[in-house]
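Come along and check each entry with me.

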Amino acid sequence: CCMVDCGAPASPNGASSPSCGLGTTLGRQCSFDCREGYTGGGRLTCTAAGTWAANGSCTAVDCGSAVAMLPLNAASMTCSGTTFGQSCWFGCMGGYAGSGYLTCTSSGNWSVSGSCVVDCGAPSAPPNASTPDCPGTTEGSTCWVYCLEGYSGGYRLSCSSSGVWDQPGGCQVADCGFPSPPYPATSPSCPSGTTFGQSCSFSCAPGYTGGGTLICASTVFQGHYRWWAQDWNCKVMDCGVPSLPPDASAVACPQGTTYGQICSFECPTGYSGGGTLMCSLNGTWAQSGSCEGSTNCSGWFGLGHQCGAGYARNSTAELCGTPSCTSRDCCMVDCGAPASPNGASSPSCGLGTTLGRQCSFDCRE
């Protein structure tokens, strides 16, 4: 006959593994301790029936009612129990946000996780603004407010402890201010004001033609506004290529023919003087200086009373300059209308046929 052996005992509820230092046969005992969160302890004895008989037990720590431990403004608690490891869940009262739970700890106290905080709720769009951008709506949260196009003054809303949104600012109609267009635009006129969408007309400075319109509009940066040129047409006045002054032989305009530029002109052989032409405000050339023809009246010299080179006696000259020649004056030679060279068309003599003038001709087919 062999002695009964109960084998290794199972751990009682809440107990650690039993210690069986002397074995597990009939009459042997195994001791056990309780795990964290439990109280008590005891022994197991191997019986003749081959089973373990317990003397002692482990009881779970009880934290009692959790009501007193609920966070401020919490409500609607539901509990799975009040002993070690069990929990109670809670919601929040109206006007508050959050939730959480309480857990019974091994020390017999409730551990709180979560809270109920003031909730201002989703704010509505303020006047002239879009719906606020809110990462949160509880106390201390802020929401960015962006103004609609045509308005400026973005700001932030703050959720206060009283559960309402504090609004420190507002969206005002955007104003570009009185415009200062760059030269040569001048004299802006803004009869309807300088706010968003309004237009101002402008004229051009003296020496320029045209005008245009500026409009108060938004930029690529939200909430920023400026004047934009809707129609810009100031062009410097151009007097065009000047005609030759009387008796002048050539005009030179090295800087062009626009307002304020000056062209110089020269006189041909036999004339004295010269001068300048300036492009004026009214688009015409203002002349300073002239070419004066010479009668060479002092040209009588030597025996026979001959005239100087290029001059002839009044009685034989075809054209006299100014002042008119008398019978004893020497007048500038006039070559008259030239004959056409062989194979050429009729010469063009736009400046006359007196001394030093030139006539151009082209060849016929």
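I looked up C79 and found it partly exposed, with a relative accessible area of 38%. My scale is this: buried means under 20% relative accessible area, exposed over 50%, and partly exposed in between, with a 1.4 Å probe and protein chains only. C88 is buried, at a relative accessible area of 0%. C79 and C88 are joined by a disulfide, S to S 1.9 Å. I count a disulfide when a pair of cysteine sulfur atoms lies within 2.5 Å. A reminder to myself: a disulfide is a covalent bond between the sulfur atoms of two cysteines. The torsion about the S-S bond of C79 and C88 is about 115°, so this disulfide is right-handed.

I noted that this is a predicted model, where local features need pLDDT of at least 70 and side-chain atom pairs count only at pLDDT 80 or more, while totals for chains, interfaces and linings use all residues. Residues are numbered from 1 along each chain as its sequence is written, and side-chain values use heavy atoms, with hydrogens and water left out.

How many disulfides are there by this rule? I get a count of 16.

Next I took C6, which a disulfide joins to C46 (S to S 1.8 Å). C6 lies in the segment before β1 (29–33) and C46 in strand β2 (residues 38–46), so the pair ties together parts that are 40 residues apart in sequence. Strands here are DSSP runs (E, at least two residues), numbered from the N terminus. Both C6 and C46 are buried, and their link is right-handed, with 90° about the S-S bond.

Then I turned to C120 and C159, whose sulfur atoms are 2.0 Å apart in a disulfide. C120 lies in the loop between β9 (117–118) and β10 (142–145) and C159 in strand β12 (residues 155–159), so this pair ties together parts 39 residues apart in sequence. C120 counts as buried at 15% relative accessibility, and C159 is buried at 5%.

C2 is exposed, with a relative accessible area of 78%. I also checked C363, which counts as exposed at 64% relative accessibility.

My last entry is on C176. Leaving aside neighbours within four places in sequence, C176 is in contact (heavy atoms within 4.5 Å) with T194, C216, A217, Y225, R226 and W227.

Conventions:
Helix = DSSP H or I, 4+ residues; strand = E, 2+ residues; numbered from the N terminus.
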